Amino acid sequence: MQQNRRRSRPVPTPMARVRHRHLLLLAAIAAAAAAAFLPCASAVRPFVLVLSRDDFLKDTAGAHPSLPSADGDDDEWDDFDDESPATDPLLSPSSWVPLLDPSGGSPSGYEPDLPPSDALFVAGVRAMLSAASAGDDAAFATAAAQIEAAAAGGHPGAQSALAFLSGAGITRPASRSRAFLLHKFAADAGDLQSKMALAYSYFRQEMYEEAVTLYAELAEAALTSSLISKEPPVIEPVRLHSGTEENKEALRKSRGEDDEDFQITEYQAQRGNTVAMHKLGLLYYYGLRGVRRDYGKAYHWFSKAVEKGDTRAMELLGEIYARGAGVERNYTEAYKWLTLAAKQQQYSAYNGLGYLYVKGYGVEKKNLTKAKEFFEIAAEHKEHGGYYNLGVLYLKGIGVKRDVMTACNFFLRAVNAGQPKAIYQVAKLFQKGVGLKRNLQMAAVMYKSVAERGPWSSLSRWALESYLKGDIGKALLLYSRMADLGYEVAQSNAAWILDRYGEESICMGESGFCTDMERHLRAHALWWQASEQGNEHAALLIGDAYYYGRGVGRDYERAAEAYMHAQSQSNAQAMFNLGYMHEHGHGLPLDLHLAKRYYDQAVEVDPGAKLPVMLALTSLWIRKNYAGSFLVHFIDSLPEVYPVVEEWVEDVLMDEGNTTIFTLFACLVTVLYLRERQRRQVAAANPQQPDGAPN
């Protein structure tokens with residue numbers, strides 16, 4: 001099994017993991033939206049929540065002081081609030097998005113007549129993005145100086161950007177303490193990106209009280225933002241790589257309207273294909289596969305699909321009218337289309353109808369009994385919105401007797417389906433100690449998963465677009481910015497770019513372009529952060545870096561620790577590596593029995609490892625039965641011989657001219673062999689009799 005090779009550096013021990021106990025309820029927080037559209041490789045790893053009986057409070061009958069009331073105006077707990085799309089303020093004045101998407105219009109902070117610090121910030125970020133694209137280190141340094149000047153003037157967005165540059169060691173010495181201080185100043189001034197960065201910093205340090213406070217605020221902002229609609233996340237987290245290779249399939253499906261599949265779908269829709277009309281409407285409504293969200297086009301194609309009798313589009317038209325997304329809000333029209341969809345057994349439409357009856361919109365009057373019936377119908381057909389809405393009813397005692405345990409169970413079922421509001425509610429239950437025992441670590445993890453769906457996640461779309469257009473420098477800058485905010489996919493993407501395109505002038509270092517050491521250390525830091533968040537491939541690369549001493553001093557014990565982390569997530573390569581380390585006593589006790597156990601586990605997890613495992617087991621047998629023999633010494637010398645052979649192959653065989661000669665020679669030998677075999681087969685089938693032989 002080929003060893004993966006990446007660079008690394010020493011960093012703090014990974015944060016404590018959630019302990020798995022007796023299984024009572026399994027709730028997977030899935031981060032992939034519209035699974036029918038997303039390839040598995042592009043989805044964010046699901047977080048699995050395992051609860052035991054000990055996690056539930058025994059006495060939930062009494063009213064908790066933080067519980068909402070059915071008839072109160074407690075905004076702290078969701079009470080079927082209006083789901084109006086939020087506007088620019090949620091992006092925060094320091095968002096880079098308007099600079100990346102001028103066609104979207106300028107938010108309030110970017111009018112022509114800007115205060116000096118605002119003008120410096122806008123000019124600095126714009127120049128920085130341009131310099132990253134051009135690979136101009138001098139222009140990048142000038143842009144960073146403009147941002148620093150704006151930060152000195154107290155601009156929170158500039159302070160946030162400067163904190164990012166300081167933490168990464170870009171155009172200045174790396175300083176985590178200075179980065180933290182700048183993020184703190186910016187967060188205190190209301191900068192949401194810095195709040196994300198601070199929350200992630202607290203989270204890594206296991207300061208859960210502080211992390212929960214920030215992540216709860218950010219999660220609430222995410223839920224009310226215009227980027228959240230029916231299914232999260234609208235901004236799809238696409239991995240640029242699959243293992244060590246580029247993830248070509250996921251990238252191909254992320255090219256938006258330039259994708260061939262999209263163009264075929266559009267052509268079929270224009271020719272009257274109902275399925276294509278519905279699919280096109282979904283792409284525009286949710287902004288999937290790199291397609292820019294366009295409610296107007298979504299409404300157009302859903303209307304066309306409804307004219308052709310598509311019942312699924314009826315429900316979405318009802319939702320569009322209820323939200324006022326691309327059309328004037330009209331609850332009467334919403335009720336009409338949702339009713340038609342429900343009659344056609346589109347059971348998720350019952351959630352919309354229940355909401356209208358709870359609020360009394362588009363109907364004669366509020367009817368909580370009917371609302372509950374509709375939510376129950378949706379839940380009976382495994383619609384996660386039904387679970388969530390019933391949870392709200394029982395938590396607040398709306399139309400039913402308050403029952404916190406029943407509310408918890410409904411919320412947890414919705415969490416299992418990846419419903420973001422349910423994740424938020426369960427996080428709040430853990431935070432407040434309502435129904436569930438107070439658990440700030442779990443609350444932080446769940447709030448974080450919701451907060452990462454906020455409007456600041458839109459940077460990933462621009463990073464991906466830049467990468468697809470070949471603008472690797474800008475892609476690296478944007479992914480690095482998101483990595484600072486705690487996005488695991490961005491961390492691994494930025495690290496992969498640094499490793500894959502290391503020879504190109506795209507990495508900005510302390511002074512000019514990155515040195516090889518700076519690039520190795522930065523990539524390793526990113527891989528380590530990704531491994532802390534469950535990326536076993538990242539942990540594997542860290543282990544390789546320590547094992548081979550690439551970018552850091554060789555450290556077998558740290559390598560074993562990283563491999564153990566990857567092995568705990570069923571990574572076959574890590575299992576094989578641990579077996580090898582036990583076989584040779586590298587960083588782990590020399591133990592041939594444990595080595596065999598790890599080798600066996602590797603082939604159980606990945607049948608493709610059969611050949612290398614067979615060779616490894618043969619080596620174990622030889623080592624056990626012929627200890628100290630020439631064969632054992634020969635096997636132990638292979639790691640030293642291999643680099644020499646590899647260098648010869650790269651320098652001699654892989655030379656273009658030599659490769660052509662060797663290829664022609666191999667073809668000639670193959671032809672001669674096949675002709676000789678054919679001659680022998682013919683001779684065997686038609687044996688010639690010697691002259692004069694008797695008949």
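**Close-up 1. Helices α26 and α27 run roughly antiparallel to each other in this predicted model.** Helix α26 covers residues 572-584 and helix α27 covers residues 592-605, and their axes come within 8 Å. The two axes cross at roughly 165°, and since angles over 145 degrees count as roughly antiparallel, the pair is therefore put in that class. As for handedness, α26 passes α27 in a left-handed crossing. On the α26 side, the residues that meet α27 are A572, M575, F576, L578, G579, Y580, H582 and E583. Their partners in α27 are L592, L594, A595, Y598, Y599, Q601, A602 and V605. Sort the residues of this contact by class and you get 12 nonpolar, 3 polar and 1 charged.

**Close-up 2. Helices α22 and α23 are another roughly antiparallel pair.** Here we have α22 (residues 488-500) and α23 (residues 516-532), with axes that come within 8 Å and cross at roughly 150°. That angle is over 145 degrees, so the pair counts as roughly antiparallel. The crossing of α22 and α23 is left-handed. From α22, the contact takes in E488, Q491, S492, A494, A495, W496, L498 and D499. Facing them from α23 are R519, R522, A523, L526, W527, Q529 and A530. The class count for the contact of α22 with α23 comes to 8 nonpolar, 3 polar and 4 charged residues.

**Close-up 3. Helix α4 sits roughly perpendicular to α21.** Helix α4 spans residues 156-168, and it packs on α21 at an angle of about 95°, with the axes 10 Å apart. An angle from 65 to 115 degrees counts as roughly perpendicular, so that is how α4 lies relative to α21. S160, A161 and F164 are what α4 brings to the contact, while α21 brings L477, S480, R481 and D484. By class, the contact of α4 with α21 splits into 3 nonpolar, 2 polar and 2 charged residues.

**Close-up 4. The largest cavity holds about 80 Å³ of space.** The structure has 5 cavities of 30 Å³ or more. Lining the largest cavity are A132, F140, F164, I170, G473, L476, L477, S480, I506, M508 and R522. Helix α21 (residues 472-484) gives the most to this lining, with 4 residues. Overall, the lining of the largest cavity has 8 nonpolar, 2 polar and 1 charged residues.

**Close-up 5. E452 lies in the loop between α19 and α20.** The helices on either side of this loop are α19 (440-451) and α20 (459-468). E452 and L485 are 33 residues apart along the chain, and their C-alpha atoms are separated by 8.8 Å. Setting aside its neighbours within four places in sequence, E452 is in contact with M196, S457, G486 and Y487.

Terms used. Residues numbered from 1 in each chain as written. Predicted model: local features only at pLDDT ≥ 70, side-chain atom pairs only at ≥ 80, totals over all residues. Heavy atoms only, no water. 1 Å grid on protein atoms, 1.4 Å probe; cavity = no way out; pocket = protein on both sides within 12 Å on 5 of 7 lines; lining within 4 Å. Points joined across faces, edges and corners; volume = space filled by probe spheres on them. Helix = DSSP H or I, 4+ residues; strand = E, 2+ residues; numbered from the N terminus. Nonpolar A, V, L, I, M, F, W, Y, C, P; charged D, E, K, R; others polar. Axes fitted to C-alpha atoms, helices over the stretch in contact; angles between N-to-C directions. Parallel < 35°, antiparallel > 145°, perpendicular 65-115°, else oblique. Left-handed = near helix turned anticlockwise from the far one by under 90°. Contact = heavy atoms within 4.5 Å.
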